[in-house]
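Me: I would like to examine how the terms used for this model follow from its geometry. Please set each value against its definition.

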Amino acid sequence: MADDQEPEKIWDEYDWERFLQQQDRKTERYMELLEKYLDDPNRDQIIAREMGWNHLLDEEGKSWAEDVDMRFTEEMELAEADEEENGDCEPESESESFEMHPLYQASFALTVWIDQLFEEIGDLQNNPHAVRLATQSAIASAKLAAALSDDDVDEIGMTIAYLKRALKATSNAMEAGVHLKQEIKFDREKGAKLDHRLFQIRDGIIELMGEYRSEWRRRFGER
């Protein structure tokens, strides 16, 4: 008898991008509701109703949520106890391997360098271009961490989708840097160094996206 079950579809970068966009909208909605009802004693019930999480409104759902909270607390306590017992001798986990990737290191180093630069210049906390430069650089670093933290071949599409988000954030940071240099007195050498670092990260992301797309085509063919 023929097997009627179809093999599970492997998501490509476009499937993951749609999924991530949906999660973004849900997160934005949740944050809006949390801010609006932060001090309301019935906050959790209101947010659950507004988000459509009806399974959390009945008694079974409340019990499940309480159980999750309890398990999370227990896991955190166990993790802290284990960390105290083992000290700094724990082997590096696979999920932390992204920290060794030169592209992530360059991106993270840029965020630190920008913070130091702003401290030297001073009085940039309220400058929208400075804020956008720092924020978008940090977002690019976070998206790179998400992209590089999973080597599962079935998740190449997710990796590319996160790389695209890192590329967008880097492009936004580059644009903010251009406006910032036009607006304030900027040391030419430091301005050139900022440009060099941003272009280096941008080009590295583009190159990495090309490698992952080639690997996708090799394994799964064209979409």
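Me: How much space lies in the second largest pocket?

Reply: About 230 Å³ of space lies in the second largest pocket. The model is predicted, so local features need pLDDT of at least 70 and side-chain atom pairs count only at pLDDT 80 or more, while totals for chains, interfaces and linings use all residues. Residues are numbered from 1 along each chain as its sequence is written, and side-chain values use heavy atoms, with hydrogens and water left out.

Me: What makes a space a pocket and another a cavity?

Reply: On a 1 Å grid over the protein atoms alone, a cavity is a set of points where a 1.4 Å probe fits but cannot get out, whereas a pocket is an open set with protein on both sides within 12 Å along at least five of seven lines. By this rule the count comes to one cavity of 30 Å³ or more, and about 40 Å³ of space lies in the largest cavity.

Me: Which residues line the largest cavity, and how do they divide by class?

Reply: Lining residues have an atom within 4 Å of a point. For the largest cavity they are Ser107, Leu110, Ser137, Ala140, Thr170, Ala173, Leu198 and Ile201. Five are nonpolar, three polar and none charged, where Ala, Val, Leu, Ile, Met, Phe, Trp, Tyr, Cys and Pro count as nonpolar, Asp, Glu, Lys and Arg as charged, and the others, Gly among them, as polar.

Me: How does the lining of the second largest pocket divide by class?

Reply: That lining has two nonpolar, three polar and five charged residues. Among them are Glu17, Asp24, Lys143, Arg165 and Lys168. The largest share, four residues, comes from H6.

Me: Why is H5 called roughly parallel to H7?

Reply: Helix H5 (residues 128–148) and helix H7 (residues 188–220) pack at an angle of about 30°, with their axes 13 Å apart. Angles under 35 degrees count as roughly parallel and over 145 as roughly antiparallel; therefore H5 is roughly parallel to H7. Their contact (heavy atoms within 4.5 Å) is made by Leu133, Ser137, Leu144 and Leu148 of H5 and Leu194, Leu198, Ile205 and Leu208 of H7.

Me: What makes H6 roughly antiparallel to H7?

Reply: Helix H6 (residues 156–183) and H7 pack at an angle of about 160°, with their axes 9 Å apart. This angle is over 145 degrees, so H6 is roughly antiparallel to H7. The residues of their contact divide into 17 nonpolar, five polar and seven charged.

Note on methods: Axes fitted to C-alpha atoms, helices over the stretch in contact; angles between N-to-C directions. Helix = DSSP H or I, 4+ residues; strand = E, 2+ residues; numbered from the N terminus. Parallel < 35°, antiparallel > 145°, perpendicular 65-115°, else oblique. Points joined across faces, edges and corners; volume = space filled by probe spheres on them.
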